[in-house]
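Keep the sequence and the 3D view open as you read.

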Amino acid sequence: MTTATAPPRRRATGTPKPAVITGVRVLGTGLARTVLRLRVEGAQHVPATGAVLLAGNHSGILDGPLVYFVSPRRASLLTKSEVFVGQWARACGWLSLIPVHRGQPDRAALRAGLDVLQAGGALGVFPEGTRGSGGFESVADGLAYLALRSGAAVVPIAVHGTGAALPRGRVVPRLRAPVRVVFGPPIPLIATGDPRARSTVRDAAEQLRLALVDHLRRTTEEQP
């Protein structure tokens with residue numbers, strides 16, 4: 001009789017390199033503005049200092065890179081663990097990306113994200129957990145846990161147009177496709193009990209989901 005062994009946990013093998021991060025952000029933003037009709041709005045809502053969670057919807061593969069490129073603050077980003085393979089695992093470390101193993105509780109990812117926030121940094125999260133409609137039908141508890149434990153400001157991000165710009169099955173984005181990245185004012189979050197209690201985290205997750213849905217709705221209505 002054999003017992004199944006858990007697959008090895010993937011990790012970043014490189015360490016953050018500020019010069020590489022800056023270069024990739026500058027080049028990535030320039031390329032995105034060349035290929036797409038990119039508009040970035042509401043950057044003034046992101047606090048210039050202190051811990052901040054950048055919470056975006058996820059409807060297209062371009063969402064993560066665009067938020068990473070255009071965020072007014074350099075941010076670490078929770079990224080699907082499947083990317084952390086071979087030399088890419090080292091490059092992900094250079095870029096301060098944090099692997100998250102989807103479909104299971106990932107305490108290592110939460111600890112790493114909390115370390116970023118407790119150091120006063122910015123952390124990008126796509127709380128739907130995976131690419132879908134991008135409508136925030138559900139929000140994973142991890143976002144609420146990080147917000148409650150760190151006291152970080154939660155800035156909502158609505159990313160519009162990425163699904164159409166690069167639909168599933170297409171390798172190259174549609175040239176000059178319109179894409180908007182809209183940052184909103186920080187979400188006020190009220191802890192309804194012990195911040196460590198599961199019921200409190202779930203209440204906070206629903207508060208955040210409703211606020212994210214509202215930001216997405218309002219920015220959709222404002223589309224030119």
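Ser 76 touches Ser 96, Ile 98, Val 116, Ala 122, Leu 123 and Gly 124, leaving aside residues up to four places away in sequence; contact here means heavy atoms within 4.5 Å. You will find Ser 76 in strand 3, which covers residues 75-80. Helices (H or I, at least four residues) and strands (E, at least two) are DSSP runs, numbered from the N terminus. With a relative accessible area of 7%, Ser 76 is buried. Buried means under 20% relative accessible area, exposed means over 50%, and partly exposed lies in between, using a 1.4 Å probe and protein chains only.

Before going further, a word on where this comes from. This is a predicted model, in which local features need pLDDT of at least 70 and side-chain atom pairs count only at pLDDT 80 or more, while totals for chains, interfaces and linings use all residues. Residues are numbered from 1 along each chain as its sequence is written, and side-chain values use heavy atoms, with hydrogens and water left out.

Now stay with strand 3 and look at Thr 79, which also has its place there. Thr 79 is buried, at a relative accessible area of 15%. Setting aside residues up to four places away in sequence, Thr 79 touches Phe 84, Leu 97, Ile 98, Pro 99 and Val 100. For a sense of distance, Thr 79 and Thr 29 are 50 residues apart in sequence and 19 Å apart in space, C-alpha to C-alpha.

One of the residues touched by Ser 76 is Ser 96, and Ser 96 deserves a visit of its own. Ser 96 sits in the loop between helix 3 (87-94) and strand 4 (97-100). Although it is not a glycine, Ser 96 has a positive phi of about 65 degrees. Is Ser 96 buried or exposed? Ser 96 is buried, with a relative accessible area of 18%.

Arg 176 also has a positive phi of about 65 degrees without being a glycine. Look for Arg 176 in the loop between helix 6 (162-165) and strand 7 (178-183). Arg 176 is partly exposed, at a relative accessible area of 37%. Pro 178 lies in strand 7 and is partly exposed, with a relative accessible area of 48%. Which residues does Pro 178 touch, not counting those up to four places away in sequence? They are Arg 37, His 160 and Gly 161. Pro 178 and Arg 37 are 141 residues apart along the chain, yet their C-alpha atoms are separated by 4.6 Å.

Next, turn to a pair of helices. Helix 5 (residues 141-150) and helix 7 (residues 198-221) pack at an angle of about 105 degrees, with their axes 8 Å apart. Axes are lines fitted to C-alpha atoms, for helices over the stretch in contact, and angles run from 0 to 180 degrees between N-to-C directions. Helix 5 and helix 7 are therefore roughly perpendicular to each other, a label that covers angles of 65 to 115 degrees. Helix 5 brings Asp 141, Leu 143, Ala 144, Tyr 145 and Leu 148 to the contact, and helix 7 brings Thr 200, Val 201, Arg 202, Ala 204, Ala 205, Leu 208 and Leu 212.

Within helix 5, the buried residues are Leu 143, Ala 144, Leu 146, Ala 147 and Leu 148. They pack against strand 2 (52-56), helix 4 (107-118), strand 5 (122-125), strand 6 (153-160) and helix 7. After helix 5 comes Gly 151, whose phi is positive, near 75 degrees. Leu 210 belongs to helix 7, and Leu 210 counts as partly exposed at 48% relative accessibility.

Finally, step back to the whole chain. The protein chain has 7 helices and 7 strands, and along the sequence they follow the pattern α-β-β-α-β-α-β-α-β-α-β-α-β-α. The C-alpha atoms fill a box of roughly 50 × 40 × 35 Å, taken along the principal axes. Buried residues make up 43% of the 224 residues in the protein chain. Among contacts between residues at least 6 apart in sequence, 76% join residues at least 24 apart.

Conventions. Parallel < 35°, antiparallel > 145°, perpendicular 65-115°, else oblique.
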